[in-house]
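Q: Please guide me through the reading of this structure, one feature at a time.

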Amino acid sequence: MKLVPLFDRVVLKQLVAEATTKSGIVLPGQEKEKPQQAEVIAVGPGGVVDGKEVTMQVKPGDKVIYSKYSGTEVEVDEEKYVIVKQNDILAVIE
């Protein structure tokens with residue numbers, strides 16, 4: 001199955017959270033924060049959203065940072081994805 005986002009939506013796959021801190025402390029499962037970095041999997045076509053023309057600024061393969069509590073988590077073929085609006089993406093990692 002393939003996810004095809006509509007309008008200004010973007011499908012993201014979260015990058016793996018670190019299991020240890022920089023100082024070497026191992027974090028138990030519930031102490032790990034949800035990662036805010038993800039890879040762009042699919043991008044909607046943009047178009048007119050809420051009366052404004054939206055052009056998509058990201059493309060599949062980009063690594064991005066997105067808002068912490070944004071998006072909708074979905075599971076397709078045992079893979080977890082997050083679907084967010086483009087304006088929930090804060091930056092592209094180069």
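A: Of the 94 residues of the chain, 26% count as buried, where buried means under 20% relative accessible area with a 1.4 Å probe and protein chains only. This is a predicted model, in which local features need pLDDT of at least 70, side-chain atom pairs count only at pLDDT 80 or more, and totals for chains, interfaces and linings use all residues. Residues are numbered from 1 along each chain as its sequence is written, and side-chain values use heavy atoms, with hydrogens and water left out.

Q: How many helices and strands does the chain have?

A: Helices (H or I, at least four residues) and strands (E, at least two) are DSSP runs, numbered from the N terminus. Here there are 0 helices and 8 strands.

Q: What is the strand order in the open sheet?

A: Two strands pair if DSSP finds at least two bridges between them. The open sheet has 6 strands in the order S6-S7-S1-S2-S5-S8, with antiparallel pairing. Its edge strands, S6 (72–76) and S8 (89–93), each pair on one side only. From one strand to the next, the twist averages 45°; axes are lines fitted to C-alpha atoms, and angles run from 0 to 180 degrees between N-to-C directions.

Q: Over how many bridges do strand S1 and strand S2 pair?

A: Strand S1 (residues 9–14) and strand S2 (residues 37–43) are joined in the antiparallel sense over 5 bridges. Within this pairing, Val10 stands opposite Val43 in S2.

Q: Which percentage of contacts joins residues at least 24 apart?

A: A contact means heavy atoms within 4.5 Å. Among contacts between residues at least 6 apart in sequence, 64% join residues at least 24 apart.

Technical notes
Buried < 20%, exposed > 50% of the residue type's maximum accessible area, 1.4 Å probe, protein only.
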